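Subject: Structure handover

Hello,

Here is the structure I said I would pass on. Please open it alongside this email.

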Amino acid sequence: LRHAATPAAASSASWFAKAAAFLKSDGSIVDCSDGVSPVKFYTTQSIPGTDHIYPVIRHRNHLAVIADGNGLGTGVGATMNVDGTFTYDFRTGIGQALGATSGYKQINAAPVEFGMVAADIDQDGAVFVSDYNVWALHIGNGPGYFSSDLDFDQSVFVSDYNKWSLNVGTNHSVNMPEGPVYTSSVPQ
């Protein structure tokens, strides 16, 4: 979660809480503890007001997205639930993510849904030849946990290349922190 006056100003330095979570195939994000509950954020920092809190979603092989508008609280698509939790639905429209079609696109026609762009295999904020090169190194591997497995079938084949080819040339830097990217304890 980031806090700033606008989503464009919500840089990696403006984060105040973060959590690991599971991104499910239906687009919902759930807490790692049980795979069902809403994501819980814990912070020792002072919690800012709710009108300009922007959720950021980062996935192992997709371009990251950040909420647009006013974020949580008064943002379009944001809901404050009776238990004091917030819900933000990125799937409802192209305007839900900062940059709209940069790193975000329509993924279903009926019902109309939007989602993250796949194929940022090397996690540099862009889908380019460098991602293809990693895919080419892994082709034929499986079963396993590979960043180049874009269709999540635990293998790296032409079906993953097809997803890369649909998105090549797309980039959107959500201004992620410098340093090492997420490291999984799941063995390859």
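This is a predicted model: local features need pLDDT of at least 70, side-chain atom pairs count only at pLDDT 80 or more; totals for chains, interfaces and linings use all residues.

The protein has ten strands and two helices, and in sequence order the pattern is β-β-β-β-β-β-β-β-β-β-α-α. Of its 188 residues, 35% are buried. The protein exposes about 10400 Å², with 57% of that supplied by carbon and sulfur atoms. Among contacts with a separation of 6 or more, 49% are between residues 24 or more positions apart.

The two helices pack against each other. Helix α1 covers residues 129–138 and helix α2 residues 158–167; their axes are 11 Å apart, at an angle of about 180°. The helices α1 and α2 are therefore roughly antiparallel, as the cut-off for that term is an angle over 145 degrees. On the α1 side the contact is made by V129, D131, Y132 and W135, and on the α2 side by V158, D160, Y161 and W164. Six of these residues are nonpolar, two are charged and none is polar.

The whole structure holds eight aromatic pairs. One of them is Y132 with Y161, an edge-to-face pair with 6.1 Å between centres and 80° between planes. Y132 in α1 and Y161 in α2 are 29 residues apart in the chain. Both are partly exposed, Y132 at 30% relative accessible area and Y161 at 28%. Y132 also pairs with W164: the centres are 5.4 Å apart and the planes at 45°, so this pair is tilted.

Elsewhere, Y88, F90, Y104 and F114 form one aromatic cluster.

Regards

Definitions and conventions. Residues are numbered from 1 along each chain as its sequence is written. Side-chain values use heavy atoms; hydrogens and water are left out. Helices (H or I, at least four residues) and strands (E, at least two) are DSSP runs, numbered from the N terminus. Buried means under 20% relative accessible area, exposed over 50%, partly exposed in between (1.4 Å probe, protein chains only). Contact means heavy atoms within 4.5 Å. Accessible areas come from the Shrake-Rupley method with a 1.4 Å probe; for residues, only the protein chains shown count as cover. Axes are lines fitted to C-alpha atoms, for helices over the stretch in contact, and angles run from 0 to 180 degrees between N-to-C directions. Angles under 35 degrees count as roughly parallel, over 145 as roughly antiparallel, 65 to 115 as roughly perpendicular and the rest as oblique. Ala, Val, Leu, Ile, Met, Phe, Trp, Tyr, Cys and Pro count as nonpolar, Asp, Glu, Lys and Arg as charged, and the others, Gly among them, as polar. Rings of Phe, Tyr and Trp (its six-membered ring) pair if their centres lie within 6.5 Å; planes under 30 degrees apart count as stacked, over 60 as edge-to-face and the rest as tilted.
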